Amino acid sequence: MKVFDLHNDLPTRGFSEEEVAAAYAAQTPHRIVSAFYTTQMRAPLAFINGYIKKYPVSQSRLYAVEDMGFVKGVSCIDAVCALPVLYAGICWNGENALGGGAGSSAGLSPLGEIALQKLTSAGITADTAHLNEKTFYQVCDRVAVPINSHTCLHSVCAHPRNLTNAQIRLILSRGGIIGLTLVAQFMGKPEAAATRADYVRQIDTFIQAFGINGLCIGTDFNGTDPVKGLSTYTEFALLADDLQGLGYTQQDINKIFFVHADNFFSKIGRGENKSA
């Protein structure tokens with residue numbers, strides 16, 4: 001079962017080179033966006049450039065910058081724009097020089113506005129995953145097609161990282177995509193207590209409220225505790241069975257698992273990292 005995963009934290013998990021190589025070999029049937037979480041990283045640009053040199057962009061291996069917390073000026077923004085990444089988020093959960101995340105009340109800064117302009121010009125999609133509502137709407141006022149790479153539904157669990165119905169409708173109305181994630185707390189469960197059934201509920205609730213268009217997968221594998229029954233890409237075949245049991249067709253499942261993301265990045269921004 002093919003999966004296009006919008007968000008996997010493999011690069012910054014701290015695995016050995018052998019473990020990383022094995023992980024990339026195992027995901028060959030899939031298309032995985034490896035995201036660089038930089039907020040607590042030393043020399044993030046050097047790390048990112050070195051990592052991508054060691055593991056180059058391929059049909060199955062794509063890249064993103066989860067957060068630009070290290071950016072303090074325009075030259076650093078330009079360095080991010082030179083990276084072969086599909087999307088970038090301006091901040092993680094806290095506040096930085098660009099804007100405010102889900103754990104902050106700050107909004108978009110003047111430097112953040114410059115960052116959005118430059119990212120757009122470079123063909124890098126703006127990710128809204130970690131933004132608070134204030135910054136979210138300010139970003140959406142400045143970019144044509146925002147996305148959210150990994151989130152869940154505020155209507156199911158009122159976590160500050162989850163999207164409200166209004167936010168979901170805005171992203172979808174612009175032609176953006178939304179990756180539902182496997183973070184237990186976002187699904188209203190204690191850490192390590194979420195199951196595949198909880199994720200099925202997220203998918204089904206989303207479709208019943210908004211339709212299937214724009215719905216994608218954003219696991220946050222390697223950045224969160226495993227979900228029981230859905231801790232590997234192989235187990236997405238079981239998720240497909242669950243969805244078929246609810247009446248979803250194989251065509252519906254393909255749209256969620258990979259078609260929507262494939263189509264989005266073939267038309268928007270850098271596509272299949274063609275500028276890399």
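Start by selecting Asp262, which sits in helix H9 (residues 250-267); helices (H or I, at least four residues) and strands (E, at least two) are DSSP runs, numbered from the N terminus. This is a predicted model, where local features need pLDDT of at least 70 and side-chain atom pairs count only at pLDDT 80 or more, while totals for chains, interfaces and linings use all residues. Residues are numbered from 1 along each chain as its sequence is written, and side-chain values use heavy atoms, with hydrogens and water left out.

**Stop one: around Asp262**

Is Asp262 buried or exposed? Asp262 is buried, with a relative accessible area of 17%; buried means under 20% relative accessible area, exposed over 50%, and partly exposed in between (1.4 Å probe, protein chains only). Now show its neighbours: leaving aside residues up to four places away in sequence, Asp262 touches Lys2, Phe4 and Arg31, a contact being heavy atoms within 4.5 Å. Draw a distance between the side chains of Asp262 and Lys2 and you will find a polar contact of 3.3 Å. (A polar contact is a pair of N or O atoms within 3.5 Å; within protein, one must be able to donate a hydrogen and the other to accept it, and residues adjacent in sequence count only if both atoms are side-chain atoms.)

**Stop two: the salt bridges**

Next, look for salt bridges, each a side-chain nitrogen of Lys or Arg within 4 Å of a carboxyl oxygen of Asp or Glu. By this rule there are 7 salt bridges.

Select Lys118 and Asp78, whose side chains form a salt bridge at 3.0 Å, N to O. This pair links distant parts of the chain, with Lys118 in helix H4 (residues 110-121) and Asp78 in helix H3 (residues 74-81), 40 residues apart. Lys118 is partly exposed at 27% relative accessibility, and Asp78 is partly exposed at 36%.

Arg142 lies in the loop between helix H5 (133-140) and strand E6 (148-151) and Glu113 in helix H4, so the pair ties together parts that are 29 residues apart in sequence. Both ends are partly exposed, Arg142 at 39% relative accessibility and Glu113 at 28%.

Move on to Asp198 and Lys189, where a salt bridge spans 3.7 Å, N to O. Asp198 is buried at 14% relative accessible area, whereas Lys189 is partly exposed at 33%. Then return to where you began: salt bridges that share partners join Lys2, Arg31 and Asp262 into one network.

**Stop three: the whole chain**

Zoom out and colour by pLDDT, the predictor's confidence in each residue, from 0 to 100. The protein chain has a mean pLDDT of 95, and 97% of its residues reach 70 or more. Select residues 272-276, where the pLDDT is below 50; this stretch has 11 contacts in the model beyond near neighbours in sequence.

Switch to a cartoon to pick out 9 helices and 8 strands. The radius of gyration (taken over C-alpha atoms) is 17 Å, close to the 19 Å that the globule rule (2.2 Å times the number of residues to the power 0.38) gives for 276 residues, so the chain is as compact as a globular protein of that length. Along the principal axes, its C-alpha atoms fill a box of roughly 50 × 40 × 35 Å.
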